[in-house]
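This report describes how the parts of the structure shown below meet one another.

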Amino acid sequence: MNDDRTAGGTTTTVFFADQEPQAHPPAEARELKPRQSRSDAVFRAVSFSAGGMTVAIMLSVGVFLSLRAGSAMQVAGLDFLFEQKWSPETGEFGIAAVLFGTVTIAVIAMCVSVPLALGTSLLISEVLMGRLKQWSITLVDLMAAVPSVVFGLWGLFFLQESIIPVSRWISTYFGWIPFFAVTDETGAAMTDASAFTSSAFIAGIVVGLMVVPTQTSIMREAFMQAPAGEREAAYALGSTRWGMITAVVLPFGRGGIIGGTMLGLGRALGETIAVYMIISPIFAINWQVLKTGGNSVSALIALRYGEASEFALSALMAAGLVLFLITLVINFAASSIVARSRSGAESEV
Amino acid sequence: MSLTTFEPALAGEQETEPRAAVRTSLPVREGIEIGPRRRIRSARLDDRYALFGAGAAALAIAALLFGWIAPLSGVVGFFVVAFLAFVAIYALLVSSTGDGREVTDRVMTVMLASAGVILCGALIFVVVFTLLRGLPALVHANFFFQDMEFAGPLDGLDLGGVAHAIVGTLIQIGIALAISIPLGIVTALFLNEVGGRFARFVRTIVDAMTALPSIVAGLFIYSAIILGLGLQRSGFAAALAITVMMLPIIVRASDVVLRLVAGNLREASYALGASRWRTVWHVVLPTARSGLVTAVILGTARGIGETSPVLLTSGVTNVMNTNPFEGPMISLPLQVFTFVGSPEPNMIARGFGTAAVLLLLVLALFAIARVIGGRGPADQSPRSQRRVRAASVRDVERMDAASARREASAQPQEEPQ
C-alpha cells in the first residue's frame with residue numbers, strides 16, 4: 001500500500017496475451033464509450049459544417065449551371081454538341097466550333113508546356129544543387145502566381161509580332177501537313193502577315209507558358225520521391241546521370257508526369273482572359289491552327305455574357321456547364337493518378 | 001528551460017538502475033592530417049572547353065548563315081539555328097573523349113538546362129516587359145491617387161489614374177479573404193483532425209475544384225446572385241466569385257501544411273489528456289502557423305489576379321466606389337483588360353501601368369510569403385521561442401506551487417497513522 005503511494009497513485013498490471021490472468025475471473029468485455037467534452041463537440045460540429053459548406057458551394061456551382069442551362073438544352077438537345085453556329089435568337093446554336101477551338105488551343109499548349117515542364121522539373125530535381133535549386137523552385141512558384149491578364153498583355157503586344165515569321169516559316173515548309181497549311185477559300189496559300197495574327201497557335205503558346213508552372217511543380221514532387229536506394233544502385237552499376245533518370249526517376253515519376261500533364265490540361269481548357277485577348281473569335285471549325293481566327297468556350301462566355309435575353313444566357317450557361325464537366329472529369333482522373341502514384345513510392349531515407 | 005527541469009528526475013532514475021558504463025566519446029583528432037577539401041562536383045577542364053567551344057562555334061555558324069550564306073532572317077530563327085548547331089557541335093566534342101552513353105548524358109543535360117533557361121527567361125521577360133511598358137504611366141504620381149472620372153481616352157498620362165481600381169481590388173480581396181480564410185482553414189482542419197468518410201469526400205471535391213475554370217466561377221455567381229437574387233453587379237458579387245476561386249486553393253494548401261505537423265506532437269498532446277480541440281488550438285495550429293500564412297498569401301496572390309470571374313460580376317466604372325454592395329466596382333485586372341481594349345496609345349500605356357501595379361502587388365505578396373514560409377513546421381522565430389520558454393517556466397512554477405500545496409495538505413493526514 002505504501003509502495004503504491006510513492007509510485008504516484010495508481011498501479012497498473014500489464015498482462016501479456018499468453019498470460020491468462022488466473023487470479024481474476026474473466027471480466028465481461030467493457031463497453032468503451034468515448035464521451036466528448038463540450039468543446040470537442042463544438043469543434044467537431046463547426047469543422048464538420050465548414051467542410052459541408054465548402055462542398056455545398058462547390059456542388060452548387062454544378063447545380064446552378066445545370067438549372068440555368070436547362071431551357072437552352074431542351075431546345076437544342078443533342079445538336080448542341082454538333083452545331084457550329086452560335087445564334088440563340090434563331091435557335092441555331094451549338095458548341096462544336098468553340099469546343100474544337102478549346103481543344104486545339106489546349107493541345108498546342110500541351111505541346112509547348114509538357115517538354116518545358118518535364119525538362120525543368122528534371123533539371124530542378126536531378127541536376128541543380130543547393131541554393132540554385134531553392135531559387136528555381138521559388139521562381140517556378142512565382143510564375144504560377146503571375147496573373148493571366150499579364151500573360152495576355154505579353155502575348156498580345158510582344159509575342160504576336162515576333163512569332164509571325166515563325167508561323168509563316170512553318171506554313172511555307174510544312175504546309176503539306178493539313179494542320180499547318182494557311183489557305184484562303186480557294187485553297188491558295190496565304191503569306192500575308194495579317195493571315196497569321198490572332199491564331200490558335202499564338203494563344204496556345206501563351207496558355208502553354210501559363211500552365212508550365214503547375215505541371216512543373218507536380219512533376220518535380222513526383223521525381224523527388226524516387227527512392228534514393230534505387231538511384232544509388234543505378235549509379236553503383238556505372239550508370240550516367242541520364243541513364244539513372246531513365247531507369248529510376250522517370251518510371252517512378254510516371255504517375256506524376258501523367259497527372260501533372262492532365263492538371264495542366266484542365267487549366268489550359270479553362271483559361272479565359274489570355275485567349276480572349278489574343279484570339280479573333282469565329283464560329284466555325286478552323287483546322288488550320290496557324291491561321292487567324294479561333295475560339296474557346298470560355299472566350300465565348302466572356303464575349304457574350306452581356307446578352308440581354310434569358311434564353312441566350314441559358315445557352316451560355318449550357319456551354320459553361322460542358323466546360324465545367326470536361327475539366328471536372330480531367331481533374332478527377334489527374335488527381336487520382338497523382339494520388340495513386342504517391343502511395344508506396346516514397347524513399348525511406 | 002523546460003528541459004532543465006526534467007534533468008533531476010532523469011538523474012534520479014539513473015541512480016536507481018545503474019547502466020553499463022558505455023559512454024560516447026569523440027575520436028581523437030590530434031595527429032590526423034586533414035587534407036584540403038576536394039571538390040567533387042566541379043566540371044573537368046575539357047568539359048568546360050567543350051562547352052565554350054561549342055557555344056562559340058554555334059554562334060559563329062548562326063551568324064555566318066544569317067549574315068552571308070543562307071537567306072534566313074528573324075531573331076527567333078537565329079536562336080533556333082544557333083541552339084541546334086550548339087547541340088550538334090557539343091555532341092561531337094564530347095564524343096571525342098567519351099562513349100555514346102556519355103554523349104547522350106551530356107546532350108540530355110543540355111536539353112534539361114535549356115528547358116529551365118527558357119522557362120526562367122520567359123518569366124523574367126514577361127515581368128520586365130510589363131514593368132518597362134508600364135513605366136511611362138508609373139512615373140506620374142497622379143496614376144496612384146486619381147481615378148478616371150475626368151480623364152478621357154485622349155488625355156495625357158498626367159491626368160487620371162487607377163486609385164479606384166486599387167481600392168476596389170483591396171475591398172474585394174478583403175471580403176473574399178474574410179470568407180475564405182476561416183472557412184478554408186476550418187475545412188482543412190476537418191480534413192486532417194476529424195477525418196472519416198465524409199472528410200475523404202470533401203477532399204476529393206476540393207481537389208477536383210482547384211482547377212475550376214475561373215470563368216465558370218464567375219458564371220456561377222452571375223447566375224446565382226445577379227440573375228437568381230436580382231442584385232446588381234457589385235464589388236460584393238465579385239468578391240464572392242473570387243472566394244469561389246480561392247477557397248479550394250487555400251483548403252488544399254492548408255491541408256498539405258497541416259499534414260506536415262508531426263504526428264508525435266499530436267500524440268504527446270493527447271497523452272497529456274488534452275481534448276481534440278485543445279490539441280488543435282495549442283499544438284497543431286501554432287506548429288503550422290507559418291505554413292498556413294503562406295498558404296493564405298499564395299491563395300491571395302492567385303485571387304488578386306483573377307480577371308474573368310470579376311469581368312462577369314463586378315461591372316466596369318471609371319469612378320471611385322467604396323461601397324461593395326452598391327454600384328459597379330472595378331479591380332486592377334479588369335482595369336487592365338478595359339484599358340488595353342482601347343486603341344489609344346495612352347490608354348494602352350495606362351493598361352501596362354495598371355498591370356505593373358498588379359504585378360508588383362503579387363510580387364510583394366509572394367516575397368512576404370517566402371519570408372514567412374521559409375520556416376518549416378515547428379520552426380519558430382526567436383521571439384516566439386522566448387514566449388514559449390516563458391510560458392513553460394510559468395507552468396513549472398505553477399506545478400511546483402500546486403504540488404507543494406498538495407503535500408502541505410497531505411502531511412497532517414499522514415501523521416495520525
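How much area do chain B and chain A bury between them, and what share of it lies on carbon and sulfur atoms? The two chains bury about 7400 Å², 81% of it on carbon and sulfur atoms; buried area is the accessible area (1.4 Å probe) that two parts lose on being put together, summed over both.

This is a predicted model, in which local features need pLDDT of at least 70 and side-chain atom pairs count only at pLDDT 80 or more, whereas totals for chains, interfaces and linings use all residues. Residues are numbered from 1 along each chain as its sequence is written, chains are lettered from A in the order in which they are written, and side-chain values use heavy atoms, without hydrogens and water.

In chain B, Leu112(B), Leu119(B) and Leu123(B) lose the most area to chain A, together 9% of what that side buries. Polar contacts (N or O atoms within 3.5 Å, one able to donate a hydrogen and the other to accept it; residues adjacent in sequence count only if both atoms are side-chain atoms) link 8 residue pairs between chain B and chain A, both at pLDDT 80 or more.

Within chain B, the automatic or database assignment gives domain 1 (45-138) and domain 2 (163-379). Their centres, taken over C-alpha atoms, are separated by 40 Å.

| Pair | Buried area | Share on carbon and sulfur |
|---|---|---|
| Chain B and chain A | about 7400 Å² | 81% |
| Domain 1 of chain B and domain 2 of chain B | about 730 Å² | 89% |

In domain 1 of chain B, Thr130(B), Arg133(B) and Leu138(B) lose the most area to domain 2 of chain B, together 50% of what that side buries.
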